[in-house]
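Hi there,

Here is the structure I promised to pass on to you. Have a look at it first, and then read my notes below.

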Amino acid sequence: MSEPNASAIPTSRAASRNRTHKLTVTAMLSAVAFLLMFIEFPIPALIPAFVKLDVSDLPELLAAFSLGPVYGVAVALLKNLLFLVLHGTSSAYVGEVFNFIMGGVFAFAAGFVYQRNKSRKGALMGAVIGALLMSVLSVPLNYFVVYPAYVVCYKLPLDAIIGMYQAIRPSANGLLECLVTFNMPFTFFKGMLDVALCFLVYKPLSPLLHK
């Protein structure tokens, strides 16, 4: 019988500590993301008031850059599960699923690109690509899934929703045009706001994220 490999024991312990650290940071960032979901506000001059601005995708970016793209997606999932359990849903889960898909795409794309080019430029490129993907994907998801579900859940006629857009831009014609004109650039702006905040706080938080 061969002797146990003593050098493998410290390696195993280090891997276990690293795994524990990643899970701990993921849980912490998920809790922060959940709390940030409640800090939202409308920008009625730019988009109808029912579409609100928040920065709850920021922790997902932090996880994607510090731990890897899968952890960014995990934070997006966990924050929405926490929201459902502790707050509940008023949209038959459609809003939460949409939020998860948007945040997951954003974080995974950013983390995936950064993993292959671990530099400030790589992080910025990945984040911009993630924000672009998120904004483009928001149009078909809103058009085919989210807004039809809101019409059913909130008993709000689609014409009334379009009228809210037309109150800002009277020439807006139809839901698809409204989504392309308003929601797509708004989603990109929201993503880039998260990116700017991430670049501001990442370095001060780096010892905690990478410890």
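K79 and E60 form a salt bridge through their side chains, at 2.7 Å from N to O. Because K79 lies in helix α3 and E60 in helix α2, this pair ties together parts that are 19 residues apart in sequence. Both K79 and E60 are buried. Please keep in mind throughout that this is a predicted model.

K79 has another partner as well: its side chain meets that of D57 in a salt bridge of 3.1 Å, N to O. Here, too, distant parts of the chain are linked, with K79 in helix α3 and D57 in the loop between β2 (52-53) and α2 (58-66), 22 residues apart. How accessible are these two residues? K79 has a relative accessibility of 0% and counts as buried, and D57, at 3%, counts as buried too. The cut-off for that label is under 20% relative accessible area, so the values of 0% for K79 and 3% for D57 both fall in the buried class.

The model has 4 salt bridges by the rule used. One of them joins the side chains of E177 and R169, again at 3.1 Å from N to O. In this pair, E177 is partly exposed, with a relative accessible area of 28%, and R169 is also partly exposed, at 31%. Salt bridges with shared partners, meanwhile, connect D57, E60, K79 and K190 into one network.

**How α6 and α7 pack**

Next, the helix pair α6 and α7. Their axes come within 10 Å of each other and cross at roughly 35 degrees. On the α6 side, the contact is made by L158, I162 and Y165, and on the α7 side by L175, C178, L179, F182 and N183. As for handedness, α6 passes α7 in a left-handed crossing.

Which residues make the nonpolar surface patch? They are Y143, F144, V145, L176 and V180, and the patch covers about 460 Å². Two elements give two or more residues to the patch, namely α5 (120-154) and α7 (175-210). Of the elements involved, α5 gives the most, with 3 residues. F144 has its place in helix α5 and is exposed, with a relative accessible area of 62%.

**Two backbone angles to look at**

For Y93, phi is near 75 degrees, and the residue is not a glycine. Y93 sits in the loop between α3 (69-86) and α4 (94-116), where it is partly exposed at 49% relative accessible area.

For K155, phi is near 55 degrees, again a positive value in a residue other than glycine. K155 is found in the loop between α5 and α6 (158-166). Is K155 buried or exposed? With a relative accessibility of 67%, K155 counts as exposed; the cut-off for exposed is over 50%.

**One distance across the model**

Last, a pair for orientation when you open the file. T20 belongs to helix α1 (residues 8-36) and is partly exposed, with a relative accessible area of 45%. From T20 to P157 the distance is 49 Å, C-alpha to C-alpha, and the two are 137 residues apart in sequence.

Best wishes

Conventions
Residues numbered from 1 in each chain as written. Predicted model: local features only at pLDDT ≥ 70, side-chain atom pairs only at ≥ 80, totals over all residues. Heavy atoms only, no water. Patch = residues over 30% accessible without salt bridge, like charges linked within 9 Å, V, L, I, M, F, W, Y side chains within 5 Å. Areas by Shrake-Rupley, 256 points an atom, 1.4 Å probe, with all protein chains shown as cover. Helix = DSSP H or I, 4+ residues; strand = E, 2+ residues; numbered from the N terminus. Buried < 20%, exposed > 50% of the residue type's maximum accessible area, 1.4 Å probe, protein only. Axes fitted to C-alpha atoms, helices over the stretch in contact; angles between N-to-C directions. Left-handed = near helix turned anticlockwise from the far one by under 90°. Contact = heavy atoms within 4.5 Å.
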